[in-house]
Amino acid sequence: MQIQTSQTQTENPPALLTLAMIRRYYVPIASRTLFRLISSGRFPRADIGIGGKLRLWKRETVEAWIASNAVRVGVE
């Protein structure tokens, strides 16, 4: 009998991200804090808006924001 072991796979984030996905993959902060960053202009606004509430960010937009902020605070 062959026993299968579970392999941990690194998850790659999708190309379009919701706020929950941004928090899961990139910025583990409270939703309210992320909303405040967006409204103050310190986090980029959504690239795509669908309907009245659904907002999506491109993965590249979020990664560019992280890279620019990492340089700003001296973490690289």
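Me: What does Ile-50 count as, going by its relative accessibility?
Reply: Ile-50 counts as partly exposed, because its relative accessibility is 44%; buried means under 20% relative accessible area, exposed means over 50%, and partly exposed is what lies in between, with a 1.4 Å probe and protein chains only. This is a predicted model, in which local features need pLDDT of at least 70 and side-chain atom pairs count only at pLDDT 80 or more, while totals for chains, interfaces and linings use all residues. Residues are numbered from 1 along each chain as its sequence is written, and side-chain values use heavy atoms, with hydrogens and water left out.

Me: Where is Ile-50 found, and which residues does it touch?
Reply: Ile-50 is found in strand E2, and, not counting residues up to four places away in sequence, it touches Arg-55 and Leu-56. Contact here means heavy atoms within 4.5 Å. Helices (H or I, at least four residues) and strands (E, at least two) are DSSP runs, numbered from the N terminus.

Me: OK, and how do E2 and E3 pair?
Reply: E2 and E3 pair in the antiparallel sense over 3 bridges, where two strands are taken to pair if DSSP finds at least two bridges between them. One of the residues involved is Ile-48, whose bridge partner in E3 is Leu-56. The two strands form a hairpin with 3 residues between them, and Gly-51 in the turn has a positive phi of about 70°.

Me: What is the strand order of the open sheet?
Reply: The open sheet has 3 strands in the order E1-E3-E2, with antiparallel pairing. Strand E1 (16-17) and strand E2 (48-50) are the edge strands, each pairing on one side only. E1 is joined to strand E3 (residues 54-58) by 2 bridges, and the bridge partner of Leu-17 in E3 is Trp-57.

Me: Which residues in H2 are buried, and why do they line one face of the helix?
Reply: In H2, the buried residues are Leu-34, Leu-37 and Ile-38. Seen down the axis of H2, they fall within an arc of 95°, so they line one face of the helix; the arc is that of the directions from the helix axis to the C-beta atoms. As background, an α-helix has 3.6 residues a turn, so residues three or four places apart point the same way.

Me: What do the buried residues of H2 pack against, and which exposed residues does the face turned away carry?
Reply: The buried residues of H2 pack against helix H1 (19-25) and E3, whereas the face turned away from the buried side carries the exposed residues Arg-32 and Ser-39. H2 is followed by Gly-41, whose phi is positive, near 85°.

Me: And what is Ile-38 in contact with, leaving aside its neighbours within four places in sequence?
Reply: Ile-38 is in contact with Leu-19, Phe-43, Pro-44, Arg-45 and Trp-57, and its relative accessible area of 10% makes it buried.

Me: Over to H3: is Asn-69 buried or exposed?
Reply: Asn-69, in helix H3, counts as buried at 18% relative accessibility. A polar atom of its side chain lies 2.9 Å from the backbone oxygen of Trp-65.

Me: Last one, what pattern does the chain follow along the sequence?
Reply: The chain has 3 helices and 3 strands, following the pattern β-α-α-β-β-α. Of its 76 residues, 20% count as buried.

Note on methods:
Polar contact = N/O pair within 3.5 Å; in protein donor to acceptor, adjacent residues only side chain to side chain.
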